Amino acid sequence: MSGGLHLSSSVEVWVGAALTLMVFSYLWRDNPFYKLAEHVFVGVSAAYVMVLGFWTTLWPNAIAKLWPGAARLTTPEAVEPTHDWALLLPVILGLLMLGRLHPRTVWLSRWPTAFAIGTSAGYNLVRYLRSDFLAQIHSGMTPSLIATTGGRLALGESLSHAILLGGTICGIVYFTYTRQHRGAWARVAGTGVLFMMVTFGTTFGYTVMARISLLVSRLHFLLGTWLGLI
Amino acid sequence: MAGWFEQANWNLALFTLILGGVLLASIRAALRGRVPRVRVLPGVAAMAEAVGRAVEMGRPVFFVPGTRDLDNVQTVAGLAVLGELAALTARLECRLEVLTDRSLVMAAAREAGRAAYLAAGRPETWRDDSVSYVSDDQFGFVARVDGLIARERPATCFWLGAFSAESLLLAEAGSQIGAIQIAGTAERSQLPFFIAACDYTLIGEELFAASACLTGDPALLGTLRGQDLGKAVAGGALLLGSLLATAAALTHWPFIVKLQSALQRLFSAGGP
Amino acid sequence: MRSRAPQLLVAAVGILLVLTAFVPRPAPGAGNAWQGFFAYIDENFSVWFNIMAVFAFGLGAASLLGVHGGRVRRRGRDWPYSLATLLAFGVTLLVGLLKLGGPPGLTGDPADSASILGRIFAAVVSPLQASMFALLAFFVASASYRAFRVRTREASALLAAALVILIGRTPFGSALTQWLPEPLAFLRLERLSLWIVQVPNLAGQRAIMIGIALGVVAMSLRLILGLERGVLGKERP
Amino acid sequence: MTGTEHTAGSSRRATGLATLDRRWIYLALAAAIALSIVARIRFPDTPSPLVQAAYDRVETLPPGASIVMALDYSPSSRPELEPMAFAIARHAMLRGHRLILLSTWDTGNAMIARLCTEVLRREFPERREGEAWVALGYKSGNEMLINAIRQDFDSMYASDMEGRSCADLAVLAGVESLADCTLIVSLSSGTPGLKEWVLFAGDVTGVPVVGGSTGVGTPEFLPYFPRQIRGLLGGLKGAAEYEAALELGHPDFHQRTMAATDGMGPQAVAHSLIVLFIVLGNVGLLLQRRQRRGT
């Protein structure tokens, strides 16, 4: 702390520091400073995302492909994209979505909603079946008894494999719906819960460091960049 | 055939057909009266009570159907639960506040809410603006929701859908004001935080089962029987695969080795 | 027409997308119409979805203006703050859509660091995002204090695993247990945390993943069949 | 503000431990981290087996061995991964290895450029660019890039980042493809990254892979150790351990920066504090139980 304060002279740093403190004030309780930061944040960030959506999604992927001349407006040296009339479909669906703005045309918006729900169903069904069902079973089919190179039983490793297999199956049992969790079945399911709790504890423990880093870098900004203490 | 069907994905196709068939058969059986008795999920059972608590306290219920868009199946599962909860808030005349960070989700949530109030016989009490859009920005959304929680002090918070790092930012804010919180997500990295901060958490697949359990609709309950049969396949395959792998490694008998590699191929997730 | 037909669209889109997984990708410059059709769907439906989502911004904006505009008009509680939201929203939208500042005219990246939008991002959005995100450090601390108690068997398992990992992530974690003799070496913190990650953690993850996969498959099928009432706002029987 | 329980006066202290107002926790955490930043607290670290395995791989290669290092990360995860890149690059230079830098991420060029200016050119001026190391940079294609350079580097990289023809560079003499390299180092914060380098490069060619990943991503890679990944640096701690290993193994060498070790100071303080609060909460709970049983 030898140097003492060396306050920053940049307006942006001061704005950033003020906003940081306003957000942190929430930790004490809700207050006018937090409220102001929150309301500005909502307005700016909503508009920011909308602007990016317009210029980086709608413009190049829809407008420029329906009206190739448009591409030149944003990138003069660009090669004109080829027409893709099929893009009229999402544009029409998008316009139907706006039907919600008027009570009499609300029903129109159910078509684009249906399209969206259809994509969620279609995209995920096979993907999850492959990567979370087949792949997990595939990598779970490992030997439960491991022999050392000398032909003896590797006790520790075998035990670990057996625990892994047993824990997985107990966990699966926990998730069953159509059998009441009573008696032995309940004990197996309970063991499954214990395994899952260990899983959650592990993930939690591993995440703490990443979260602390975020605070460290914010405090670096406040103490260093703003106050010049370090 | 070669040009029509991706042969590398034969086992994926096989399992799609098997699971699809099992699910369809379970639905059919349930519709014919063989409705499975489903065990009570504590998180689902607590939902009605949690809404009732809000009515008693005269405070609102907050609902967030995740923070991803409508193409995420968890969002849709959250909305399915919202449909059932809205029917409840309609009957109990409880204030429902749905906050979304995607416009498409907002539209779908309004549709679900309106239909639920209509079905509950109270269409006149439904207001579209009880579902509002905040901001697509992850933390802009959180800033608003946390602020609202501190100000409106909801009695109950539902966090049902796909969440990222904001899970704990939302759930801690709710815990600070002592709200009853019921969460559910299939994002494995966020489950620990909901478990730590919420009263009830629907773990992974339970999120998808919640709407079925709430409605008690025979067809939906039928799919739960189908899912359980899928679990039997998974557990059986794991046991058999392990057994064969052990036998193959210890004995090296050609027959067992062949059988084991055949089973491995059946569950291979490779392909293009 | 109004109630049934959108459900057919859900089914059609869902089934088409499921089929894309089973149709071969056409070789470059070759492939039949069947392959070409599904390749187009596979590549473009997510783009279509995003285009639709941009149109839907209109609804989001309307909701935002409705909530905050309404409060300003009625002079409701906290209306000056709502005015701040409206101003922030309007200004950002304007300078962004017109690409004010930065590269000339409409050319260039809308969020270019020299543009006004880029500068708003750097000065306002970025510190706000980072600060909200940093709140997590505090919340992680308070949540672990509250939840990690030896109340039940389950909570104790959660606590034990988290403690081993947490202590193992500190520089002196491994020193704490270094004294353990070789037969008990498996209890040394670094080995124990590795074992927890590779065995019980993996078992739990695997069970959850298999469950989720089945849940997603069932949910998708229910959507395709139109069994989930509620989501599409189908009137109930 | 938390749901304080109403208990008899005698057990107030125990209850207090079990139901601390969360604002004390916030204050303690902020103060502890701020103090450890300002006071620059450092703790000596010891390398864990995973990091030591990575270190030993680099240490035991014969001088002149060619190491491919992929910097697959972006500025947001730079704090965790850059210290790894710096430490491993220093180690490779010290041991006289050849270093080939590339990336499958478009943000990778900037990351490679920082490594070149901050470490390679500045700290090892005698190990010349083009002879001891080369920055090939980013090429698009994701995992297809890995597939392509498995056959030969030429197909993707005709020149390095500064436009020098690769055919003229001494550092690439005898290194036609990934298969000719002696070690692959992948530092990644997502996809494509370590997993792809293992699946598409290490597993196929047999060239050993050593990896580094963000703290959050680490558990995913642990199952690959030790067969497919020969050494693993997990997050900031992994990087700090590598810095420690380098200090132990080459005590004469002065590391100009030890960003990970510096960053671990506040981390260690914060982690200890959280553990302390957990312990306090449980002590409070146990005291409460005992008192309840007593009355």
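Mentor: In chain C, 50% of the 237 residues count as buried; a residue is buried if 20 or more other C-beta atoms, placed from the backbone, lie within 10 Å of its own, exposed if 12 or fewer do, and partly exposed in between. This is a predicted model, in which local features need pLDDT of at least 70 and side-chain atom pairs count only at pLDDT 80 or more, whereas totals for chains, interfaces and linings use all residues. Residues are numbered from 1 along each chain as its sequence is written, while chains are lettered from A and ligands numbered from 1 in the order in which they are written.

Chain C contains eight helices and zero strands; helices (H or I, at least four residues) and strands (E, at least two) are DSSP runs, numbered from the N terminus. Its order of elements from the N terminus is α-α-α-α-α-α-α-α. The radius of gyration of chain C, 27 Å, is well over the 18 Å that the globule rule gives for 237 residues, so chain C is more spread out than a compact globule. That radius is taken over C-alpha atoms, and the globule rule is 2.2 Å times the number of residues to the power 0.38. The C-alpha trace of chain C spans about 70 × 55 × 50 Å along its principal axes. Of the contacts in chain C with a separation of 6 or more, 28% are between residues 24 or more positions apart; two residues are in contact if their C-beta atoms, placed from the backbone, lie within 7 Å.

Chain C also meets chain A: 106 residues of chain C are in contact with 100 residues of chain A. On the side of chain C that touches chain A, α1 (5-20), α2 (33-74), α3 (79-97), α4 (116-147), α5 (153-168), α7 (189-198) and α8 (200-225) each supply at least two residues. By class, that side of chain C holds 82 nonpolar, 18 polar and six charged residues. Here Ala, Val, Leu, Ile, Met, Phe, Trp, Tyr, Cys and Pro count as nonpolar, Asp, Glu, Lys and Arg as charged, and the others, Gly among them, as polar.

Buried residues make up 48% of the 230 residues in chain A. Among contacts in chain A between residues at least 6 apart in sequence, 26% join residues at least 24 apart.

Within chain A, helix α1 (residues 11-24) and helix α7 (residues 183-226) pack at an angle of about 140°, their axes being 11 Å apart. Among the residues that meet there are Val13(A) and Ala17(A) in α1(A), and Phe221(A) and Leu222(A) in α7(A). The residues of this contact divide into five nonpolar, three polar and one charged.

Chain A touches chain D as well, with 18 residues of chain A in contact with 20 residues of chain D. On that side, chain A has 14 nonpolar, four polar and no charged residues.

Key
Axes fitted to C-alpha atoms, helices over the stretch in contact; angles between N-to-C directions.
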